[in-house]
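Work through the exercises below with the sequence and coordinates open. Each task is followed by a solution in steps.

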Amino acid sequence: LIALRKIDRETAAQAESWLINSGPTNAARSGYTTTLLSNGKELIAGGSIHTEIPTIKNRSLSSAELLDPATGKWTETGEMNITRCAHTAILLQDGRVLIMGGQDSKNNALAGAELYNPDTEKWTETGSLNFARFYHAATLQPDGKVLVSGGHDGRNPLSSKELYDPATGIWTVITIK
């Protein structure tokens, strides 16, 4: 008989994570965003995976992939600066993608935001939201700014609204009188 080598939980979790996540947008991946880019490719970013081995490290993802519908091929693209799921993504008028908010690997609400440049396939951090949030809505405005509203902060539903200016990278809280 061949004896199996005993491995630690983290190594087992990494192996299980790789098996589950080895195909693009595998059904085990949830809480990710998909954004249709100006070049016709689709950007899949972040999310989380479910594994049977309870570790925090393998739950949330920072990975991003591109689908080229012309070839049907998936390719990895630059990783986000942090892991996030339950975030929002929106295509800006200049072709970059703004990713904002979400939850980290410990289910904490995030205020951070980052930009994906499809020309360089690089992610850069930009201004943070004023309120950490996940499961929120984002809408591109005619002037190119992005309106974010609602969501949850991990304790309470949010009714606040913020406006992002891509020219400055600044979020402004909108107050309704």
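This is a predicted model: local features need pLDDT of at least 70, side-chain atom pairs count only at pLDDT 80 or more; totals for chains, interfaces and linings use all residues.

Thr88 stands opposite Met100 in E8.

**Exercise 1. The open sheet**

Task: Find which strands form the open sheet, and in what order. Then state which strands are at the edges.

Solution. 
Step 1. Begin with the pair that holds the Thr88 and Met100 positions, which stand opposite each other. E7 and E8 run antiparallel and are joined by four bridges. Their hairpin has five residues between the strands, and Gly95 in that hairpin has a positive phi near 95°.
Step 2. Go on to the next pairing. Four bridges also link E8 with E9, in the antiparallel sense. Here Val97 has Tyr116 in E9 as its bridge partner.
Step 3. E9 is in turn joined to E10 by five bridges, again antiparallel. Within this pairing, Ala113 lies opposite Thr126 of E10.
Step 4. The open sheet has four strands in the order E7-E8-E9-E10, with antiparallel pairing. Strand E7 (88-91) and E10 each pair on one side only, and these are the edge strands. From one strand to the next, the twist averages 25°.

**Exercise 2. The two faces of E8 and the cores**

Task: Determine which residues of E8 are buried on each side, and which residues make up the largest nonpolar core.

Solution. 
Step 1. Separate the side chains of E8 by face. Val97 and Ile99 are on one side, Leu98 and Met100 are on the other, and all of them are buried.
Step 2. Follow Leu98 and Met100. Both belong to the largest nonpolar core, which has eleven residues: Ile90, Leu92, Leu98, Met100, Ala113, Leu115, Leu129, Val146, Val148, Tyr164 and Trp171. At least two residues of this core come from each of strand E8 (97-100), strand E9 (113-117) and strand E12 (146-149).
Step 3. Follow Val97 and Ile99. They are in a second, separate core of ten residues, which also includes Ala45 and Ala64.
Step 4. Look at one core member in detail. Apart from neighbours within four places in sequence, Leu115 is in contact with Leu92, Arg96, Val97, Leu98, Lys122, Trp123, Thr124, Thr126 and Tyr164.
Step 5. In soluble globular proteins, nonpolar side chains tend to be buried together.

**Exercise 3. Aromatic pairs**

Task: State how many aromatic pairs the structure holds. Classify the pair of Tyr116 and Trp123, and that of Phe134 and Tyr135.

Solution. 
Step 1. The count is three aromatic pairs.
Step 2. For Tyr116 and Trp123, the centres are 4.9 Å apart and the planes make an angle of 45°, a tilted pair. Tyr116 is buried because its relative accessibility is 0%. Trp123 is buried too, at 9%.
Step 3. For Phe134 and Tyr135, the ring centres are 5.3 Å apart and the planes meet at 70°, so this pair is edge-to-face. The cut-off for that class is an angle over 60 degrees.
Step 4. Compare burial within the second pair. Phe134 is buried at 7% relative accessibility, whereas Tyr135, at 60%, is exposed.

**Exercise 4. Phe131 and Ser160**

Task: Locate Phe131 and Ser160, and decide whether Ser160 is buried or exposed.

Solution. 
Step 1. Phe131 is in the loop that runs between strand E10 (122-126) and strand E11 (137-140). Ser160 is in the loop between E12 and strand E13 (161-165).
Step 2. Ser160 has a relative accessible area of 18% and so counts as buried, the limit being under 20%.
Step 3. List the contacts, leaving out residues up to four places away in sequence. Phe131 touches Ala111, Ser160, Glu162 and Val173. Ser160 touches Phe131, Arg133, Val148, Ser149 and Gly150.
Step 4. Check for a polar contact. The side chains of Ser160 and Arg133 are joined by one of 2.6 Å.
Step 5. Phe131 and Trp171 are 9.9 Å apart in space and 40 residues apart in sequence.

Definitions and conventions:
Residues are numbered from 1 along each chain as its sequence is written. Side-chain values use heavy atoms; hydrogens and water are left out. Contact means heavy atoms within 4.5 Å. Rings of Phe, Tyr and Trp (its six-membered ring) pair if their centres lie within 6.5 Å; planes under 30 degrees apart count as stacked, over 60 as edge-to-face and the rest as tilted. Buried means under 20% relative accessible area, exposed over 50%, partly exposed in between (1.4 Å probe, protein chains only). A nonpolar core is a set of buried Ala, Val, Leu, Ile, Met, Phe, Trp, Tyr and Cys residues joined through side-chain atoms within 4.5 Å. Two strands pair if DSSP finds at least two bridges between them. Axes are lines fitted to C-alpha atoms, for helices over the stretch in contact, and angles run from 0 to 180 degrees between N-to-C directions. A polar contact is a pair of N or O atoms within 3.5 Å; within protein, one must be able to donate a hydrogen and the other to accept it, and residues adjacent in sequence count only if both atoms are side-chain atoms.
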